[in-house]
Amino acid sequence: MIHPAYGESRPAPERISETTRLAQEAYANYDQSVQMLDRRGFVGTVLSASALVFGVSAGTKSANAAPTSWQPSVYLGFEPNGTVVIMAHRSEMGTSSRSTLPMMLADELEADWKKVRVEQALGDEKYGSQNTDGSCSVRDFGAAMLKAGATARTMFERAAAQKWNCQPGDVAASQGKVINGKTKQSLAYGELLAVAATLEVPKEHELRYKTPDQYKLIGKDVPIIDSHDIVTGKAVFGIDAKIPGMLYAMVERPPVYGSKVKSYDDKAALAVKGVTKTVELPLFKQPHLFQQLGGVAVLGDSTWAVLQGRKKLKIDWDLSEHKTFNSKDERQYLLDTARKPGKVVRNRGDVEAAFAKSAKTLEADYYTPMLSHAPMEPPVAVAEWKNGTVETWCPTQNPQAVQEAVGAAMGIDKTKVICHVTLLGGGFGRKSKPDYVVEAALLSKASGKPVKVIWTREDDIKFDYYHTVAGMHMKAGMDADGRLNSWLFRSAFPPIASTFGPGQQYGAEFEIGMGLNELPYDVPNIRAENCPAPNHLRLGWLRSVAHVYHAFGIHSFLDELAVANNSDYLSYVLKTLGPDRNVDLSKDGVKPWNNGQSLEKFPISTGRLRRVLEMVAEQSGYGKKKATKNRALGIAAHRSFLSYIASVVEVEIDDNGKLTIPNVWTVADCGKIVNPDRVRSQFEGAAIFGTSIAMLGEISAADGHITQSNFHDYPVARISESPRNIHVHIVPSNELAAGVGEPGVPVIVPAITNAIFAATGKRIRELPVRKTKLV
């Protein structure tokens, strides 16, 4: 189905997890048809007996499927009192997708937004993919929402025309009612339910969509539906979930990845008042996926009791082969490996021959450390095992992954796992991995009671699915005029694939497609190589994933090339981009990942990249403001998650080397925008998130143990360290909607380090910046 404004739903991006399989299955034969449902199909109890319910399919229906195989993904219900109920199948962690998609539906429906109630959906295949990651909610589900709204609106208009015995063209819906243009009569949707329920659902070609100038919500600054409850403390996050009779639990996990409990003494732990039981959790089996880490759990009647009891445990560990893992050794290994030939993932021309003919060459190595997600709300989950089923309450980005992982751990079908999704106190990718819910389920079965597993901040930092470390090598050849004629880009990083396939040492297609093989520049000879890297921890995707390190390497190197040619980043990149065009990677032997989208729908446009660069330079004064000893601007522009983003960062460095950021300017071309206020907030947050990982973030290991444990040694940017002013400009666009939540991050990191070079002459090739003395 193609909607004129939001395009066609596309196959899900390639992932390597079990949950991706679910998403891919759900997207197969994607067919969004609207049908009326029996009320009982609408999660049972949220609507009255006289309600009217619609569903939009998305997933398992094939062209020849019998009606009984139809699986609705979007639910829409109407109460006689005028209340409109919309099921939100995406999780809310600050990106506003829980509000934005219902907002689209309500606008096309001509509903009164004040009478819309959003219900959070349980985990269920019928909704299609519920994995809220990849900056794809509007892109993948916006069209379905609009279709559901247009369908229901059309039926109410037809119902009104039938009641008034007039032509459908004589009536029009507006704000929850239908108005007769000739008689000025009006009927609320609730008054039309009985008639509408007797009508056939209109066919696709019968639908009339609103034009952008008719939108009342889309394109407007609309607060998220949860904002009042959040600011007044009424909102329920994972940490707030509780059920009668539940126990609390904390787990002492293996200090070295993959280690087993040899023996343990829990006498002192059980002596703590309130502690009722200890349970040994089994070590995970490979592949790790979203299984528990293992260890010993302490259960009791309060958080305090189990925290104190855990401290009293005496555990003798059988340390795994990862006990020799050290970050310092890994750093050197990755940098050395990136200096050697790797697996070619893109090849244009002959870089070696071009290097030999170049008037000059430049080489540089870059390094980024591991990172932790560190959401403000650490992982937490409540689970109750009862009669062969598990019911869970948790802050998860992916309730279907909860069903998969818990079902596998408990030896039951995933349909026996009920997942209630709470609000998330931050996610950044961490909460798409439900190992903490698996722990709660296992402990509930072992104790015979509902259990709430709580992770402390220390647990979160020490046992994360870390963002991977990376070593990169760049080499470029230039002609006598400084024009780039060849570029070699090698990247070595332990892949996320290793979490899902033991022994994997090369990046998955999506990791390589995040910057490594997608250089858009007009350079006649390009070779990109992915170098092998073993892994010693469990890894996962963090906000903007591989773009974090690849964008740092690419745009730092471009700045170095510009300086080497007595130019600046803006002038040099505009020249290197070449004429406006769509980049055809297939000529270089690349099957583009492109976030799982076709290049026909989402081409790599150098024109859009050039435009955001020029706009952010104009708005910030880049190129006009002369750098001083203490204050300068840095710039970078990068395409990620199908969006084009350019940022300028202004840094100020005092005589003691303390760095502050007075200003950040970001220009974003993300295609069509639903809620500008929420888009701006994403880029404001990205500026702070990017600042934090550039300036401060580092996870390291010594003898297999994670070195950091809390914010004192894994700091995140505080108010004084965050950008003082963040200016965001959204480019008006008629292009298809692209990513918003993640693409603001990658540009911030090199823009900061390029600004530091402009102010101090110090080139930052290794993060975090805090490890470099700036004066």
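User: Which residues of helix H8 are buried?

Analyst: First, the ground rules. This is a predicted model, where local features need pLDDT of at least 70, side-chain atom pairs count only at pLDDT 80 or more, and totals for chains, interfaces and linings use all residues. Residues are numbered from 1 along each chain as its sequence is written, and side-chain values use heavy atoms, with hydrogens and water left out. Helices (H or I, at least four residues) and strands (E, at least two) are DSSP runs, numbered from the N terminus. In H8, residues 327-337, the buried ones are Ser327, Glu330, Leu334, Leu335 and Thr337. Buried means under 20% relative accessible area, exposed over 50%, partly exposed in between (1.4 Å probe, protein chains only).

User: Which strands do the buried residues of H8 pack against?

Analyst: They pack against S17 (360-368), S22 (470-478), S23 (484-492), S24 (525-531) and S30 (701-702). Contact means heavy atoms within 4.5 Å.

User: Why is asparagine 710 called buried?

Analyst: Its relative accessible area is 19%. The limit is under 20%, so asparagine 710 counts as buried. Asparagine 710 lies in the loop between S31 (705-706) and S32 (725-730). Leaving aside neighbours within four places in sequence, asparagine 710 contacts Arg457, Glu458 and Ile461.

User: How do you know that the span of H2 is close to the expected one?

Analyst: H2 (97-109) has 13 residues and reaches 18 Å from first C-alpha to last, close to the 18 Å expected. The expected span is 1.5 Å times one less than the number of residues. H2 is mostly covered, with 13 of its 13 residues buried. Glutamate 110 follows H2, with a positive phi near 65°.

User: What makes S18 and S19 a pair?

Analyst: Two strands pair if DSSP finds at least two bridges between them. S18 (380-386) and S19 (389-394) have 5 bridges, so they pair, and they run antiparallel. Lysine 386 has threonine 389 in S19 as its bridge partner. The two strands form a hairpin with 2 residues between them, and asparagine 387 in the turn has a positive phi of about 50°.

User: In which sense do S19 and S20 pair?

Analyst: S19 and S20 (417-421) pair in the parallel sense over 5 bridges. Glutamate 391 stands opposite isoleucine 418 in S20.

User: Which residues touch the most other members of the largest nonpolar core?

Analyst: Val406, Leu443, Trp487 and Tyr521, of 152 residues in that core. A nonpolar core is a set of buried Ala, Val, Leu, Ile, Met, Phe, Trp, Tyr and Cys residues joined through side-chain atoms within 4.5 Å. A second, separate core of 52 residues includes Phe54, Met103, Trp113 and Leu217.
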